[in-house]
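I opened the model to look up its fold, its helices and its charged pairs. My entries follow in the order I made them.

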Amino acid sequence: MPTSSPAGPFAAETYTVSQLGRELQGLLRTSYPSAWVVGEVQRFKTHPSGHVYFELVEKGEGDAVVGKLDAVLWKGDALRVRPLLERHGQRLADGLEIRCRIAVDFYPPHGKLQVQVKEVDPVFALGALARRREETLAELVREGLLEANRSLPLPPLPLAVALVTSQGSAAYHDFVATLSESGYGFRILFVHAAVQGAEAERAVVSALELAQAAGVDCIALVRGGGAKSDLAAFDSRAIAFAVARARVPVLTGLGHEIDEAVADRAAHAAFKTPTKVAEFLVARIQGAELAADRLRSRLATASRLPLARAAAALAGAERRFVAGRAR
């Protein structure tokens with residue numbers, strides 16, 4: 001309740017800051033003890049205590065944020081929610097759109113409104129991911145970009161390769177090791193990019209542009225495996241359009257045996273793992289080498305035949321000359 005004010009021009013009752021804060025807290029707890037909210041997870045962070053903090057955001061046209069709420073998943077709730085999501089091939093991470101049951105709270109000492117997440121609907125998250133995929137694919141088709149990168153010619157000797165992935169990752173080591181062990185003179189330009197989380201979209205798009213500017217023969221965009229929701233960045237409009245509009249062929253190896261990201265669909269060629277991308281490049285050089293060997297053999301055979309004919313003609317002429325002198 002507000003405190004009493006002295007009589008005079010400021011006779012209206014006046015709250016202290018903490019009083020108003022406590023009243024807001026009570027009103028919010030009473031009005032929103034439980035509600036379902038849809039939003040995208042951003043700034044996901046797990047505290048050493050086990051509590052999980054993130055933002056729930058709503059995006060409008062052009063992915064502009066039109067709404068945002070601070071959210072917390074207390075440790076006890078997190079221990080219950082995480083296994084449920086994992087059974088559906090998901091995990092809470094930046095970029096995942098979720099439907100969650102929340103309670104609204106206000107903490108007066110910090111003046112902070114926060115939603116406490118109690119449940120997460122795993123079925124909705126799967127549907128949201130699928131819907132976003134279909135919307136992005138439809139937009140690529142409308143703009144005539146779905147086959148754009150695939151139509152670019154891949155050189156027969158793609159020795160200058162840009163590798164876009166996370167520095168020091170298993171994907172990085174698998175790819176580089178396969179090319180190095182081939183014995184061919186591959187030149188690898190490495191461009192670091194986060195491949196999951198809040199920074200992935202911006203980082204991958206920027207890395208793709210840097211790689212193209214270097215004048216490489218092709219770009220390998222790779223990452224390791226993980227939950228279905230870990231592929232969320234590669235279903236995003238930003239990365240899909242960056243791959244589709246790339247000026248050199250993009251080869252993807254995103255580490256999923258079953259799932260196919262929109263970036264895979266927009267790429268020149270898609271492979272299941274980073275190693276498979278590297279093996280493809282090695283096989284292409286081997287194929288060019290074999291073709292060169294066959295051509296060299298045909299040229300040698302073709303050159304030997306007229307020489308043999310000339311030698312035979314010369315020998316015949318010589319015999320005729322000797323026979324003529326003998327007469």
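I took helices (H or I, at least four residues) and strands (E, at least two) as DSSP runs, numbered from the N terminus. This is a predicted model, so I kept local features only at pLDDT of at least 70 and side-chain atom pairs only at pLDDT 80 or more, while totals for chains, interfaces and linings use all residues. I numbered residues from 1 along each chain as its sequence is written, and side-chain values use heavy atoms, with hydrogens and water left out.

**Entry: salt bridges.** My rule was a side-chain nitrogen of Lys or Arg within 4 Å of a carboxyl oxygen of Asp or Glu. The count by this rule is 17 salt bridges. For exposure I called a residue buried under 20% relative accessible area, exposed over 50%, and partly exposed in between (1.4 Å probe, protein chains only).

I looked up Lys 276 and Glu 279 and found a salt bridge at 3.8 Å, N to O. Both residues lie in helix α8, three residues apart, about one turn of the helix. An α-helix has 3.6 residues a turn, so residues three or four places apart point the same way. Lys 276 is partly exposed at 45%, and Glu 279 is partly exposed at 38%.

Next I checked Arg 101 and Glu 119, whose side chains meet in a salt bridge of 2.7 Å, N to O. This pair links distant parts of the chain, with Arg 101 in strand β4 (residues 97–107) and Glu 119 in strand β5 (residues 112–120), 18 residues apart. Arg 101 has a relative accessible area of 22% and is partly exposed; Glu 119 is partly exposed at 33%.

Glu 199 and Arg 202 also form a salt bridge, with the closest N and O atoms 3.0 Å apart. Here Glu 199 is partly exposed at 42%, whereas Arg 202 is exposed at 54%.

**Entry: what does Val 277 touch?** I counted a contact when heavy atoms are within 4.5 Å. Leaving out residues up to four places away in sequence, I list Phe 175, Ala 220, Val 222, Leu 251, Thr 252, Gly 253 and Phe 271. Val 277 lies in helix α8 (residues 274–326) and is buried, with a relative accessible area of 0%. Phe 175 is 102 residues from Val 277 in sequence, but their C-alpha atoms are 7.5 Å apart.

**Entry: helix α4.** After α4 comes Gly 183, with a positive phi near 85°.

**Entry: helix α6.** I found six of the eight residues of α6 (residues 237–244) buried. They are Ile 239, Ala 240, Phe 241, Ala 242, Val 243 and Ala 244. Among the elements these buried residues pack against are α3 (122–142), α5 (200–213) and β8 (218–222).

**Entry: whole chain.** I noted eight helices and ten strands. Of the 327 residues in the chain, 39% are buried. Of the contacts with a separation of 6 or more, 67% join residues 24 or more positions apart.
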